[in-house]
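Me: I am new to this structure and would like to understand how its terms are applied. Could we go through them one at a time?

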Amino acid sequence: MAITTFSSFRSRNYRLFFTGQSISLIGTWMQKTAVSWVIYSLTHSKFMLGVSVFATLFPSFTFSFIGGVVADRYDKYKLLLVTQFASMVQAVLLTVMVYTGHYNVWAILALSVVLGTINAFDVPARQSLVYDMVDDKKTLPNALALNSSMVNLSRLIGPALAGLTIEKYGDNVCFGLNALSFVAVIISLLMMRLPKQVVKANSKNVLADLREGVSYVRHTPTIAFVLMMLATMSLLVLPFNTLIPVFAKDIFHGTASTFGVVDSAIGLGAFIGAIFLASLRVGTNLNVILAINTFVFGAGLVCFSHTTYYPLALLFAVIAAFGMMSQVTITNTIIQTTVAANMRGRVISLYAMSFFGMMPLGGLIVGAVSERIGAQNTVMGEGIIALLIAGTHLYFLRKNKAVPVDLPSMDIAKQTEISQPV
């Protein structure tokens, strides 16, 4: 059966997941946008924007490997239901707090820490469960790319809705809509008919599982390389979006709606990038695509950084986000299609750590640096770093003649069996 852009939609479980998550993620991006706007409005501090990112992402880094062990040991489906319900409770608490007016920056940050901790267990379970949702395992890379398109379509819609909602109805309504959006994903999960997961007895302790996962990655060069690249990008480049409220308010002299539009432009570029990745032909060299798109990402950031003409800046934001999409999606695809099945949860948790762990540290660095040299120079520096990383990637591939990682053409189930560490 030919693989098309939407092949994975043939699987009923995946269709349900995609629909529910699409609605829920719009709410998630609305909340994220509202939190950033409220914190910057209260503090007028670029550094506090970095702290807000740190508060959400660092707990995910701290606990995500434990979350990976839990995902490998227990029923992923039940774990995902628990994390989604817990996320809804967090959103309800934030809504009530803002609605009653009994909140401050530190209270919002505390609830962000709670959400980050929940995500540490949610991400490994959700990402590894996608494998069970698709009936034809050859469509797994397509499903992962469509996941990214779903995330970024919601990023396109969510921030714009958040900006309008904040201006017309207030912050509390924005947070309340996010809480309501979790109903969709919980219903979609309850409607799924997944094969009963057989949980194998595990005599090892958690620390032994952790060491086994790290050892697996360390002795699997392809996985280790892409994780190192993602970690570097997450630390030094991806936190550029921490400064988007500064561009919206101080450079483009706009309002919450301006912030929402800029964030939506980034979502549009990332969505187009995800659809592009979903449409790649079997046999495409993913490492080459990753290197080229990193160049696109860096060039887009450099151009965006000092463009004060608003429409042109939006265009450069779209271009940068198109290239940015490959960092997360291609890394996830390589992991999901080459990692042994019994290691998937733990390796995905390392993937999450590379992203969630470095992003908050990067957010603090970006916030502190921008206080000294300005937001525009900081984003330009991040773009230059991306160009250097892309060049290093290509040089490494040529010098070491690394085995190319192609979009899989063989059965994924067989591929995970033979993909043992060297």
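Me: What makes K249 count as lying over the face of W37?

Reply: This is a predicted model, in which local features need pLDDT of at least 70, side-chain atom pairs count only at pLDDT 80 or more, and totals for chains, interfaces and linings use all residues. Residues are numbered from 1 along each chain as its sequence is written, and side-chain values use heavy atoms, with hydrogens and water left out. A charge sits over a ring if NZ of Lys or CZ of Arg is within 6 Å of the ring centre and within 35 degrees of the ring normal; K249 lies over the face of W37, 5.2 Å from the ring centre.

Me: Why is the pair of F9 and F18 called edge-to-face?

Reply: Rings of Phe, Tyr and Trp (its six-membered ring) pair if their centres lie within 6.5 Å, and planes under 30 degrees apart count as stacked, over 60 as edge-to-face and the rest as tilted. The centres of F9 and F18 are 4.9 Å apart and their planes stand at 75°, so the pair is edge-to-face.

Me: And why is the pair of Y14 and F17 called tilted?

Reply: Their ring centres are 6.2 Å apart with the planes at 40°, so this pair is tilted. F9, Y14, F17 and F18 form one aromatic cluster.

Me: How do you know whether F18 and F9 are buried or partly exposed?

Reply: Buried means under 20% relative accessible area, exposed over 50%, and partly exposed in between (1.4 Å probe, protein chains only). F18, at 17%, is therefore buried, whereas F9, at 24%, is partly exposed.
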